[in-house]
Amino acid sequence: MKIANVEAFWLRCPVPKEKQHTSDYGLLANFDMTLVVITTDDGLQGFGEAKAAVGSSGVCASIVNCIENELKPALLGKHVKDISRLWEEMYNGTRDHYALLRGRKFPILGRRGLTISAMSGIDTALWDLKGKMLQVPVMDLLGGACRDKMPAYASGGWADADNIGAQLKGYVDKGFRSVKMRVGVMDQTVQNSIERVKAARAAIGPDVKLMADAHGTFSVPEAKQFCRGVADCNLYWFEEPISPDNKRGTAEVRASTHIPIAAGESEYTSFDINALLELRAIDVIQPDAAIIGGISEAVRVSHLASVHQLELAPHCWGSAFSFMAGLNVAFASPSATIIEFSLGGNPMMYELVKEQITVTNGSIQAPTAPGLGVSPDWDFVRQYKQKV
């Protein structure tokens with residue numbers, strides 16, 4: 001099959017007021033994503049997601065423009081099956097022939113940032129197509145399942161110290177045995193973050209895994225103070241303690257504490273992840289398939305996790321398409337043992353697609369449907385498509 005068309009749609013859906021939350025990103029009243037659609041000459045369609053922001057809200061106009069005006073012309077007429085070659089052609093641009101001839105990169109200037117996000121959506125859609133062509137889940141194309149099911153952790157936790165316990169206990173009552181809460185600059189002081197974690201641990205007990213995510217908002221001294229303050233709370237990991245721009249600082253925080261450090265959701269390509277590993281900065285690697293460079297690059301990151309004997313925990317805060325991309329990679333990786341499951345207001349996870357993604361007793365089953373296993377509700381797409 002050959003690529004006949006490549007389309008990108010910026011979708012923005014309001015989050016119902018009762019499901020909105022406030023974090024360091026502010027009040028999250030909308031959820032945005034870029035839906036990428038690749039159509040073959042036989043009419044088969046594959047779907048992917050490209051992100052303009054790690055959080056829920058972001059302006060996706062530039063991603064749409066990049067996909068439709070920069071990347072699409074180079075993809076039309078190409079074979080869907082040649083995913084690795086197409087990735088190299090997009091990443092290396094007009095020098096792709098040198099890259100493929102010499103076996104090393106000759107990248108375009110936009111080798112980081114939104115160009116890679118745009119590539120991510122395309123790459124994921126190609127994997128979705130290939131799985132559908134062969135009538136197998138993407139996971140099987142990556143080597144098959146390393147496990148039949150995987151525990152999911154409930155990702156949420158924005159309430160204050162007086163209410164965080166009840167909020168996380170609500171997740172546990174739904175069957176989750178692992179939960180994640182947000183900390184950091186939104187708490188005003190480090191001590192407030194510490195008190196919220198202590199309240200959370202007291203409420204959920206000692207046997208439930210507890211993670212804390214600072215969204216990169218602490219300074220290095222603040223992150224160290226936080227780690228000392230929650231040293232007896234048995235955190236499963238401390239996520240993005242400081243800015244992703246300060247990789248040496250992240251390594252410094254890791255060296256100061258016994259708490260495992262997680263990061264990677266804000267990184268572009270396996271080269272950025274490798275830079276963290278060279279500095280011995282992290283214990284848990286969190287690629288986002290809608291940011292890192294698609295399923296192809298997420299798999300390369302999974303190999304890094306395996307080589308370095310670190311945990312892989314894909315960042316799956318997004319639409320059903322990036323969630324299923326991360327899930328397929330996770331099930332195919334021996335380094336992944338837990339998957340993120342959004343408990344925030346997320347219409348892109350539940351209303352954008354026809355299928356229902358479910359967690360039962362805190363676990364999710366290995367994918368079985370062809371491709372990513374989800375398809376868009378076109379009425380939803382038409383209703384929330386933004387003009388670019």
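Modeller: The discussion below covers aromatic pairs, charges over rings, cavities and pockets.
Modeller: This is a predicted model, in which local features need pLDDT of at least 70, side-chain atom pairs count only at pLDDT 80 or more, and totals for chains, interfaces and linings use all residues. Residues are numbered from 1 along each chain as its sequence is written, and side-chain values use heavy atoms, with hydrogens and water left out.

Colleague: How many aromatic pairs are there?
Modeller: The count is 15 aromatic pairs. Rings of Phe, Tyr and Trp (its six-membered ring) pair if their centres lie within 6.5 Å; planes under 30 degrees apart count as stacked, over 60 as edge-to-face and the rest as tilted. One of the pairs is Phe 226 with Phe 238, which is tilted, with 4.7 Å centre to centre and 40 degrees between the planes.

Colleague: Which parts of the chain does that pair link?
Modeller: The pair links distant parts of the chain, as Phe 226 belongs to helix H8 (residues 220-229) and Phe 238 to strand E9 (residues 235-239), 12 residues apart. Helices (H or I, at least four residues) and strands (E, at least two) are DSSP runs, numbered from the N terminus.

Colleague: Are Phe 226 and Phe 238 buried or exposed?
Modeller: Both Phe 226 and Phe 238 are buried (buried is under 20% relative accessible area, exposed over 50%, partly exposed in between, with a 1.4 Å probe and protein chains only).

Colleague: Which residues do ring pairs link into a cluster?
Modeller: Phe 9, Phe 47, Phe 321 and Trp 378 are linked in this way.

Colleague: And which Arg residues lie over the face of a Trp?
Modeller: Arg 182 lies over Trp 317, at 5.1 Å from the ring centre, and Arg 300 over Trp 87, at 4.8 Å. The rule requires NZ of Lys or CZ of Arg within 6 Å of the ring centre and within 35 degrees of the ring normal.

Colleague: Changing topic, what lines the largest cavity?
Modeller: Its lining has 14 residues, and Tyr 25, Gly 55, Arg 182, His 215 and Trp 317 lie nearest its centre. On a 1 Å grid over the protein atoms alone, a cavity is a set of points where a 1.4 Å probe fits but cannot get out, and a pocket is an open set with protein on both sides within 12 Å along at least five of seven lines; lining residues have an atom within 4 Å of a point.

Colleague: Finally, which residues lie nearest the centre of the largest pocket?
Modeller: They are Gln 356, Thr 358, Ile 364, Gln 365 and Ala 366, out of 19 lining residues. Strand E14 gives the largest share of that lining, three residues.
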